[in-house]
Amino acid sequence: MGSDTTASVNSTSIADASSETIRYRIADRAQCAAVDLLDQTRLPESLTRCVCETLPQLHDAIRRLVVRGAPAIGIAAAYGVTLTPIESSDSLETARTKWIDAIEYLATSRPTAVNLFWALDRMRAIVESPESVSPELESMEATAKGASSVESLRVSLVAEAIRIHEDDRAMCRSIGRHGSGRLAECRNVLTHCNAGGLATSTFGTALAPIYYLHEHGKTLHVYADETRPLLQGARLTAWELAQAGVPVTVITDSMAGGLMRQGHVDAIIVGADRIAANGDAANKIGTYPLAVLAHYHRIPFYVAAPTNTFDLALASGDLIPIEQRDGEEVRCPGGPSGRTMVPENVDVINPAFDVTPAELITAIITERGVIESPNVDKIAAHCGSPIAN
Ligand code: MRU
C-alpha cells in the first residue's frame, strides 16, 4: 500500500479554523480527492487540520486517533476508499481488485469499533455491484454517456461515502431527540471519553441528548471524566461542550465514585464501540467500573449509539475484540515529548476498551428509540433484520 504516511498539516488559530470533524474534498471532477480531518491529537491547544491524500495517510490517521470515535472512524474510512489510486488504463476488474484491497487494508486500522467494518461493508457492496450509479452524482461529467464503468463506479463510491456521512448526521439528531426525555429531569450528568460531535459527523451520541436539551432551553451541567490514558474527556469532551456553551467540569476518573456517593450525579451517559446481540457494550476503558458504581448508587446508566454499532453476530461481549494499544501511552501520558511516569523495567498494559454487561445498562438509546433493560430479544426486535454487520 506504499509507505508514505505523512499527511499534510494545516495549523490555524482556534478563532478562524474549521472545527468540522471530517470534510471531503473533491477536485478535478473527483479525480483528485482528500479526506480533511480535524487533528484530535492536537486539541485543545490548536485547531489543526490533517489532510490525507493517500490510503496509508488515512490508515495512519485512524490508528493514531487523529480521527477517533466509532462513527467518525467509519465515515473517514468510507471516504478513504475513494483515495485508492486507480489508473485511467485500469480495467474494471483491476480497479475492483484495488478497491477491495483498499477496503481490507483500512479494516486493519483499528479492531474494536464495528462501525468501521459496517461502513467498509457498505463500500464493498458498491464495488461488487458496478452497475449502480448514484442518482445524486448523475449530473457529474464522469457519469455522462460514454464514461467508463470504472468512472461510474468511482462516482458511486464517492456518493456512498457522502451518504454514510449524511446518514450519521440524521442518526445523531435522532439519538438526541430520543435520549432527551431520559435526561430532561437531570441537573448533573456524567460522561466518559468523548462521544460528541468530534466522535461522529456532528452532535454525537452520548452528548446528543445534552445538545438537544440545550437547544430547547434546558441546559445540564456535565462532569467529564478525564479518561486516562489519552484524555479524550478532558481534551475533547470538555472542549466541544465549552464551545457549545454547555457548562462542564473535568474530573479525574478516580473522582467519579466519590461524586456519586455525595449525590452529585443524576445520570451517566456514554457511547459504545460495539454492542453484542445480548446488549453487552464495549466502550472506552473505564466505562465498566462507572456502570458498577452507578448500579451500587442506583443511578441510571445509559448507552447511546446508532444501530450500526450493534454486532448481532456476536452472542456476548466476551467475543468483542479489544484493541491493545502501545504501553507508551500509559508510561508517558504527555506523548513522546512528555515525562515518563513509569520506571523503565516495569510492565504496563493498555487495553483501549472494556465491556459493560447488559445487566448494568438501564437503557440503550438509538436513532430508532430506547431499549429499556436491554436483552437479546429486545435488541433483535429493535434492530430488525436490515442491520447486517
Ligand atoms: O479510542 P477512541 O477515542 O476512538 O474511543 C472512543 C470511544 O470509546 C467512544 O465512546 C465511542 O467510540 C463512541 S463515539 C460516539
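Let's start with a hairpin. Strands S14 and S15 form it, with 2 residues between them. Keep in mind that this is a predicted model. S14 covers residues 363-366, and S15 covers residues 369-372. The two strands pair in the antiparallel sense, over 4 bridges. Look at one pair of residues: Thr366 stands opposite Gly369 in S15.

A general point about strands, while we are here. In a regular strand, side chains alternate between the two faces of the sheet.

Stay with Gly369, which is found in strand S15. Buried would take 20 or more, and exposed would take 12 or fewer. Now compare sequence and space. Gly369 and Phe353 are 16 residues apart in sequence. From C-alpha to C-alpha, they are 25 Å apart.

Next, the inside. How many residues has the largest nonpolar core? The count is 116. Leu37, Ala76, Ile268 and Ala304 have the most contacts inside this core. Which helix gives the most to the core? Helix H5, residues 149-183, does, with 12 residues. At least three residues come from each of domain 1 (18-134 + 146-170) and domain 2 (181-383).

Take Leu37 from that list. Leave out residues up to four places away in sequence. Leu37 then touches Ile22, Arg49, Cys50, Cys52, Ala61, Val66, Val67 and Ala76.

Ala61 brings us to helix H1, residues 55-63. Several residues of H1 are buried, among them Leu55, Leu58, Ala61 and Ile62. Gln57 and His59 are buried too.

An α-helix has 3.6 residues a turn, so residues three or four places apart point the same way.

Last stop, the ligand. Which of the 19 residues around the ligand come nearest? They are Arg68, Ala70, Ala199, Gly271 and Lys284. Helix H2 (70-81) and strand S10 (281-284) each supply at least two residues of the shell. By type, the shell divides into 9 nonpolar, 7 polar and 3 charged residues. Both domains take part here: domain 1 and domain 2 each give the shell at least three residues.

Conventions
Residues numbered from 1 in each chain as written. Predicted model: local features only at pLDDT ≥ 70, side-chain atom pairs only at ≥ 80, totals over all residues. Pairing = 2+ DSSP bridges. Core = buried A, V, L, I, M, F, W, Y, C linked by C-beta atoms within 7 Å. Buried ≥ 20, exposed ≤ 12 C-beta atoms within 10 Å, placed from the backbone. Domains from an automatic or database assignment. Contact = placed C-beta atoms within 7 Å. Near = placed C-beta within 6 Å. Nonpolar A, V, L, I, M, F, W, Y, C, P; charged D, E, K, R; others polar.
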